[in-house]
Amino acid sequence: MLILFGVAFGIKYSSVIMDQFGPQRRAAADIRKDQWRTALRVVTDKVIWGTGLGNYELVSWRYVTRQELDDIRSWQFSEMVRNSYLLMAAETGALGGVLFVLWFVLIFLKSWKTARLQVPYFRNIAIGLGAGFLGLAMSFYYSPDIHEYGTIFQFWLLAGIIFSLDRLE
């Protein structure tokens with residue numbers, strides 16, 4: 001629920017937030033929106049299987065429109081999309097993208113359930129891990145960090161501890 005709220009908040013107020021960072025940040029946000037459009041074209045064209053893991057950049061240039069090619073920044077439109085959720089949906093298909101989001105929801109719900117443990121020590125750990133996991137999930141909205149080994153390590157470490165906390169009590 002909080003992830004959906006964070007996504008809705010980001011969509012609704014992204015222009016207000018980006019105005020706070022000046023023209024360089026505004027240009028970066030505009031590129032992201034163009035990349036998201038390209039990624040959505042890939043997802044709608046390759047709904048079932050996607051492009052295959054790690055193949056997005058090899059295929060995405062085909063989905064840049066003629067009108068977009070006239071833009072001087074068009075070479076950036078087919079780079080790795082700066083949204084891990086769209087990237088996973090483009091690489092694994094719509095079902096893979098939905099399963100990826102559901103996995104985040106499942107981990108967050110488990111941390112929410114674990115935050116109700118009786119032992120205050122474990123409860124506080126669960127709250128801290130849940131907040132850290134929520135921050136990681138929100139960062140994936142504006143970055144392709146799901147391909148970074150350090151980020152993947154943090155993701156699975158947090159998830160593993162969250163799922164094992166109730167067994168420790």
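User: Which is the crossing of α6 and α7, left-handed or right-handed?

Analyst: The crossing of α6 and α7 is left-handed. A crossing gets that name if the near helix is turned anticlockwise from the far one by less than a right angle, and is right-handed if clockwise. On the α6 side the contact (heavy atoms within 4.5 Å) involves Tyr85, Phe104, Ile107, Phe108, Ser111 and Thr114, and on the α7 side Arg123, Ala126, Gly130, Phe133, Leu134, Ala137 and Met138. By class, the residues of this contact of α6 with α7 are 9 nonpolar, 3 polar and 1 charged. Ala, Val, Leu, Ile, Met, Phe, Trp, Tyr, Cys and Pro count as nonpolar, Asp, Glu, Lys and Arg as charged, and the others, Gly among them, as polar.

User: Before going on, what are the ground rules?

Analyst: This is a predicted model, in which local features need pLDDT of at least 70 and side-chain atom pairs pLDDT 80 or more, while totals for chains, interfaces and linings use all residues. Residues are numbered from 1 along each chain as its sequence is written, and side-chain values use heavy atoms, with hydrogens and water left out.

User: How many helices and strands does the protein chain have?

Analyst: The protein chain has 8 helices and 0 strands. Helices (H or I, at least four residues) and strands (E, at least two) are DSSP runs numbered from the N terminus. The C-alpha atoms fill a box of roughly 60 × 40 × 25 Å along the principal axes. Of contacts between residues at least 6 apart in sequence, 69% join residues at least 24 apart.

User: What makes α6 roughly antiparallel to α7?

Analyst: Their axes come within 9 Å and cross at roughly 160 degrees. Angles under 35 degrees count as roughly parallel, over 145 as roughly antiparallel, 65 to 115 as roughly perpendicular and the rest as oblique. The angle is over the antiparallel cut-off, so α6 is roughly antiparallel to α7. Axes are lines fitted to C-alpha atoms, for helices over the stretch in contact, and angles run from 0 to 180 degrees between N-to-C directions.

User: How are α7 and α8 arranged, and at what angle do their axes cross?

Analyst: The axes of α7 and α8 come within 10 Å and cross at roughly 150 degrees. Therefore α7 is roughly antiparallel to α8. Their crossing is left-handed. From α7, residues including Phe122, Ile125, Leu129 and Phe133 meet residues of α8 including Phe155, Leu158, Ile161 and Leu165. This contact of α7 with α8 holds 12 nonpolar, 4 polar and no charged residues.

User: Why does Gln35 count as buried?

Analyst: Buried means under 20% relative accessible area, exposed over 50%, and partly exposed in between (1.4 Å probe, protein chains only). Gln35 has 1% relative accessibility and therefore counts as buried. Gln35 lies in helix α2 and, neighbours within four places in sequence aside, is in contact with Tyr56, Gln76, Phe77, Glu79, Met80, Val81 and Arg82. Across the protein chain, buried residues make up 40% of the 169 residues.

User: How do you know that Val101 and Glu148 belong in the middle class?

Analyst: Val101, in helix α6, has 34% relative accessibility and so counts as partly exposed. Glu148, in the loop between α7 and α8, is partly exposed because its relative accessible area is 46%.

User: What makes up the largest nonpolar core, and how many residues does it have?

Analyst: The largest nonpolar core has 33 residues, and Tyr56, Val81, Tyr85, Phe104, Phe133, Phe140 and Phe155 have the most contacts inside it. α2, α3, α6, α7 and α8 each give it two or more residues, and the largest share, 9 residues, comes from α6. Such a core is a set of buried Ala, Val, Leu, Ile, Met, Phe, Trp, Tyr and Cys residues joined through side-chain atoms within 4.5 Å. Beyond four places in sequence, Phe155 is in contact with Trp103, Phe104, Ile107, Phe133, Leu136 and Phe140.
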